[in-house]
Amino acid sequence: MAMSDSVRSLRCPRDISVEAGDANLPTAVTTDGVKLRVVDVRDRWRIDDEWWRFESISRAYYQLVLENGRNLTIFNDVTTSKWYEQRYE
């Protein structure tokens, strides 16, 4: 097996469906086919990086608590308006 065949990316963000309200704050997410209400936004922050490259990074992150008690970190890619789940495992 070649070295490149055994390398895989970890913690890759995955697409997620998000409903957002005022100021683009998430109000519900659909994950694994289940729609869950957001009961708390614990934290939010923004990252603007690599501005010198052709495709810079501009993301608005949200740390959420869902109605089932699950903690979830998501981000909105500000340049494309797409939402992603940030995975840590």
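Student: Which residues make up the largest nonpolar core?

Tutor: The model is a predicted one, where local features need pLDDT of at least 70, side-chain atom pairs count only at pLDDT 80 or more, and totals for chains, interfaces and linings use all residues. Residues are numbered from 1 along each chain as its sequence is written, and side-chain values use heavy atoms, with hydrogens and water left out. The largest nonpolar core has 12 residues: Ile16, Val18, Val29, Leu36, Val38, Ala60, Tyr62, Leu64, Leu66, Leu72, Ile74 and Trp83.

Student: What makes a set of residues a nonpolar core?

Tutor: The members must be buried Ala, Val, Leu, Ile, Met, Phe, Trp, Tyr or Cys residues, joined through side-chain atoms within 4.5 Å. Buried means under 20% relative accessible area, exposed means over 50%, and partly exposed is in between (1.4 Å probe, protein chains only).

Student: Why is glutamate 85 called buried?

Tutor: Its relative accessibility is 6%, and the cut-off for buried is under 20%. Glutamate 85 therefore counts as buried. Its place is in strand β7 (residues 82–85).

Student: Which residues does glutamate 85 touch, not counting those up to four places away in sequence?

Tutor: Glutamate 85 touches Pro13, Arg14, Ile16, Thr31, Arg70, Leu72, Thr73 and Ile74. Contact means heavy atoms within 4.5 Å. Isoleucine 16, with its neighbours within four places set aside, is in contact with Val29, Thr30, Thr31, Leu72, Ile74, Trp83, Tyr84 and Glu85.

Student: What makes the pair of arginine 14 and glutamate 85 a salt bridge?

Tutor: The definition asks for a side-chain nitrogen of Lys or Arg within 4 Å of a carboxyl oxygen of Asp or Glu. For arginine 14 and glutamate 85 the N to O value is 2.9 Å, so the pair meets the definition. Arginine 14 lies in strand β1 and glutamate 85 in strand β7, so the pair ties together parts that are 71 residues apart in sequence. In general, side chains of opposite charge can pair when their charged atoms come close.

Student: How do you know that arginine 14 and aspartate 32 form a salt bridge?

Tutor: Their closest N and O atoms are 3.3 Å apart, and the limit is 4 Å. Arginine 14 is in strand β1 (residues 14–15) and aspartate 32 in the loop between β3 (26–31) and β4, so this pair joins parts 18 residues apart in sequence. Arginine 14 is partly exposed, with a relative accessible area of 28%, whereas aspartate 32 is exposed at 61%.

Student: How many salt bridges are there by this rule, and which residues are linked in a network of them?

Tutor: The count comes to five. Arg14, Asp32, Arg70 and Glu85 are linked in a network. Among the five salt bridges is the pair of aspartate 48 and arginine 46, at 3.0 Å, N to O.

Student: What makes the pair of arginine 70 and glutamate 85 a polar contact?

Tutor: A polar contact is a pair of N or O atoms within 3.5 Å; within protein, one must be able to donate a hydrogen and the other to accept it, and residues adjacent in sequence count only if both atoms are side-chain atoms. The side chains of arginine 70 and glutamate 85 make such a contact at 3.0 Å. Arginine 70 sits in the loop between β5 and β6.

Student: Why is tyrosine 88 called exposed?

Tutor: Its relative accessible area is 52%, and exposed means over 50%. Tyrosine 88 is found in the segment after β7.

Technical notes:
Helix = DSSP H or I, 4+ residues; strand = E, 2+ residues; numbered from the N terminus.
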